[in-house]
Amino acid sequence: MAMPVAAMSRLAWRNLWRNYRRTVIMLLAIALGVWAMIFMTALMRGMVDDMVQQGIVALPGHVQVHAEAYRDDPSITHSLPAPGKAMLEVLESRQVIAWSSRIKVPAMISSEYENRGISLLGIDPEGELALGFDPDDIVAGQFLTDAGDGGVVIGRKLAERLETRLGKRVVVMSQDPGNTIADRGFRIVGIFKAELENREETIVYAGRDVVQAMLRVGNDVSEIAVLGHDYRTPEKLAADLGDAAAGFEVLSWLELDPYLSTMMKVMDGFVLVWMVVIFLALSFGLVNTLMMAIFERVREIGLMRALGMRPSAIVYEILVESLMLLALGLLLGNVLAVSTIIPLKSGIDVSVVAEGMEMMGASSMLYPVLQWPDVLLANAVVIVLGILTSLLPAWRASQYRPVEALARN
Amino acid sequence: MTTKRQRDSAFGLSLRLAWRNIWRQKRRTWLTALAMVFSNVLLVFMISLQLGSYDMMINTTLRMFSGQVQVQRVGYQDEQKMRQDIAGVGELASTIRSRFPAASVAARANAFVLLSSEDRSFGTQVVGVEPDFEAGVSTIPGLVADGRFLQDPGAAEIVIGGVMARNLKVAVGDELTFLGSGKDGSFAAGVLTVVGIFNSGSSDLDRSLAEVPLGYFQDAFAMGGSGHIIAISTAELGGIADLMESLRAIIAGGDELVALDWEALTPGLKQAIQADFTSAWFMYAVLIILVAFSVLNTQLMSVLERTREFGVIMALGIKPRRLALLVLLETFLMALIGLVIGVLLGAVVAGYFGFAGFAYPGMDELAAKFNMPSVIYPSVGPVSLMLGPTVVFIFCLFAAIYPAVKLYGLKPVEAMRAV
């Protein structure tokens with residue numbers, strides 16, 4: 001005798017609420033578990049996203065072109081010429097949002113009181129802004145006006161360390177390709193702030209043309225930074241540029257910053273592990289609840305069997321019951337998760353541990369990021385593993401012998 | 001009036017009753033206990049892993065270079081200006097050394113210079129160190145892979161990191177020139193012979209650390225007898241608090257000196273640990289609450305299904321308080337089973353990895369960022385073993401309060417009629 005689905009569902013639904021306390025407690029547990037899965041994942045995604053975005057702004061760009069030996073030995077001798085025709089074709093194509101060629105060499109900066117080792121960046125301000133430099137980060141003065149600007153923009157922390165300020169002069173020393181010391185005086189025209197203190201201390205922006213003249217390198221640069229559309233998929237852009245820039249090293253940020261790309265990869269694995277662990281903690285309660293529900297109804301199940309219900313129908317009924325419980329818990333958990341994440345969209349202030357976050361490469365605001373694939377994954381984990389876990393109690397229930405079950409008290 | 005003996009035997013009876021009660025539903029009890037065991041094992045493992053990795057982070061960072069405690073001029077930690085110096089740094093270091101024979105004490109001075117070889121120039125920091133004492137506070141002298149560490153306090157010699165040597169394209173025996181300014185703003189320059197190259201494994205230090213003898217440093221940078229830092233390390237970590245206390249007394253008379261411990265020296269490290277610990281506890285809390293729900297459900301069911309039984313007992317004159325205690329005692333026993341098995345299993349798992357080391361794919365890259373080896377050895381100790389399981393235990397007892405309290409509302413006559 002096959003029972004119609006509607007009747008079966010009604011039976012399961014009523015059974016579920018026969019002991020409403022037990023069901024409510026289990027529902028709360030599932031909801032809490034699902035909430036934790038989604039909420040925690042959103043926080044971690046937010047942190048990693050933030051780290052990656054910061055990393056890309058710092059790099060900058062999704063793909064960079066260097067001379068082969070530059071990354072191992074970032075000296076001005078390992079430079080590359082301005083992009084040729086083949087490269088320009090890719091750089092001006094639609095897959096590129098912005099690009100800029102820059103000089104980046106180790107240098108020393110001196111004020112009248114102090115010296116510091118720095119990274120001297122010879123940039124084209126227009127390109128730098130397009131690559132993601134935020135003009136709001138300039139806290140005093142202004143950003144460079146063009147590649148021929150004779151001023152420098154230094155970080156807030158560096159200005160403090162050098163005991164200097166806007167409008168003062170500093171001397172920057174580096175070496176030219178012949179290893180002669182090249183130095184030049186600059187006026188500080190702007191001071192910038194950065195999320196990561198380390199940037200404030202070590203990055204100095206100067207006009208590209210000025211730096212090229214100072215280092216006597218003609219039109220050569222250290223790197224070409226290229227911004228694509230999606231940081232998640234820089235491979236195509238890197239491959240196209242690689243074809244166009246034969247003889248040079250073309251790498252995406254995934255390779256340029258192994259810490260970040262590993263972080264992103266590890267995070268995917270971690271999200272899944274976290275969800276499964278939470279589910280396992282839930283599963284004991286789930287099995288227990290179902291076991292108890294069945295145990296109380298042994299006689300009833302015996303009667304149904306005696307009346308001709310197949311064991312498969314018993315399994316089916318209990319699975320439907322479990323499915324209803326899981327679905328309700330999921331609904332509650334999802335609503336709870338979304339309604340706690342949305343109010344936090346504007347960020348959670350974790351500046352108490354700002355320096356610790358900086359060490360990990362993250363900023364002191366945490367923005368939860370709700371990704372639908374993660375929500376889907378959480379729901380899938382609960383439903384699939386939940387049904388699998390329910391199979392055992394359901395199967396056991398179907399194995400009672402009608403006569404013995406009826407005789408049970 | 002009940003005598004003590006009667007009370008004892010009453011408790012013994014309750015205990016026996018509780019023990020028997022929890023085994024009336026074997027499967028349910030085991031499932032509930034297993035939920036506790038699961039979370040306990042996980043907590044023991046995770047907490048010992050965390051503590052193990054924190055130990056390693058702190059140790060590698062402090063032992064490699066900074067030392068456990070530093071004496072500096074007030075403000076130097078933040079501003080690192082050359083003139084924020086400690087006058088007579090060598091004498092002060094000697095004083096501290098004679099007061100704490102068990103500790104290693106070494107004076108240092110810092111300056112930023114442009115360091116040039118024949119082919120390359122880099123802006124970097126050079127540190128003036130006392131060759132005789134530096135090895136006590138830093139592992140760098142022992143990590144010199146090529147050549148030797150500094151010996152003569154006045155020699156024009158320099159020891160640099162492997163990455164810096166590669167970048168400067170120099171080997172042991174080559175010469176480096178430096179260019180910077182002295183404490184008084186004067187021009188400071190000189191020629192140094194590379195006598196040693198170290199490989200610390202920390203890319204930061206290998207790239208940016210250069211050490212010269214303190215005596216030479218003081219001459220070259222017009223420092224007189226002064227320096228910037230006195231680094232102090234002791235073998236036993238427990239003695240740090242005492243050490244700090246006495247240090248403060250020693251330097252109290254001096255010109256605005258402070259003693260900084262590792263938390264002040266490396267605030268990033270401390271906060272990274274805090275952030276990690278907090279986020280981890282958020283996860284643990286969820287796990288623990290889920291287990292508590294499981295216990296709540298079990299105990300509530302076990303109370304509800306015994307309504308009739310409890311009705312009879314109450315009709316016989318037993319107070320609800322005794323029954324509530326019985327339910328709590330049952331939970332206590334169940335939680336104890338979960339605790340004991342969980343801690344034992346957890347200790348085995350954590351102990352195994354403590355011996356074999358624990359690593360996951362991708363850890364190389366992540367560990368490098370924090371100066372850590374790419375294998376973590378969980379630290380198994382009383383704290384890592386008991387902290388998590390104890391919290392689980394307490395929460396499980398809390399979970400039993402609601403079912404226990406429900407008993408107070410029980411009316412014997414109605415209860416006996418209940419299904």
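**Entry 1: helix α8 of chain A**

I began with what lies over the buried residues of α8(A), and the cover includes β1 (63-67), α3 (85-91), β9 (223-227) and β10 (248-252) of chain A. A reminder to myself: this is a predicted model.

Next I looked up which residues of α8(A), residues 235-244, are buried: they are Leu237(A), Ala238(A), Asp240(A), Leu241(A) and Ala244(A). Why do they sit on the same side of α8(A)? They do so because they cover an arc of only 165° around the axis.

**Entry 2: the nonpolar cores**

I met Leu241(A) again in the largest nonpolar core, which has 126 residues. Leu241(A) is listed there with Val152(A), Val204(A) and Ile230(B) as having the most contacts inside this core. I noted that β2(B) gives the most to this core, with 9 residues.

I then checked Ile230(B), leaving out residues up to four places away in sequence; among the residues it touches are Ile86(B), Val89(B), Leu92(B) and Gln70(B). A second, separate core has 98 residues, including Ala36(A), Ile301(A), Met46(B) and Cys396(B).

**Entry 3: where the chains touch**

How many residues does each chain bring to the contact? I found 56 residues from chain A and 55 residues from chain B. On the chain B side, the elements that each supply at least two residues include α2 (26-66), β3 (121-129) and α14 (363-369). The largest share of that side comes from α11(B), with 23 residues. By type, I noted 27 nonpolar, 18 polar and 10 charged residues on the side of chain B that touches chain A.

Terms used. Residues are numbered from 1 along each chain as its sequence is written. Chains are lettered from A and ligands numbered from 1 in the order in which they are written. This is a predicted model: local features need pLDDT of at least 70, side-chain atom pairs count only at pLDDT 80 or more; totals for chains, interfaces and linings use all residues. A residue is buried if 20 or more other C-beta atoms lie within 10 Å of its own, exposed if 12 or fewer, and partly exposed in between; C-beta atoms are placed from the backbone. Helices (H or I, at least four residues) and strands (E, at least two) are DSSP runs, numbered from the N terminus. The arc is that of the directions from the helix axis to the C-beta atoms. Two residues are in contact if their C-beta atoms, placed from the backbone, lie within 7 Å. Ala, Val, Leu, Ile, Met, Phe, Trp, Tyr, Cys and Pro count as nonpolar, Asp, Glu, Lys and Arg as charged, and the others, Gly among them, as polar. A nonpolar core is a set of buried Ala, Val, Leu, Ile, Met, Phe, Trp, Tyr and Cys residues joined through C-beta atoms within 7 Å.
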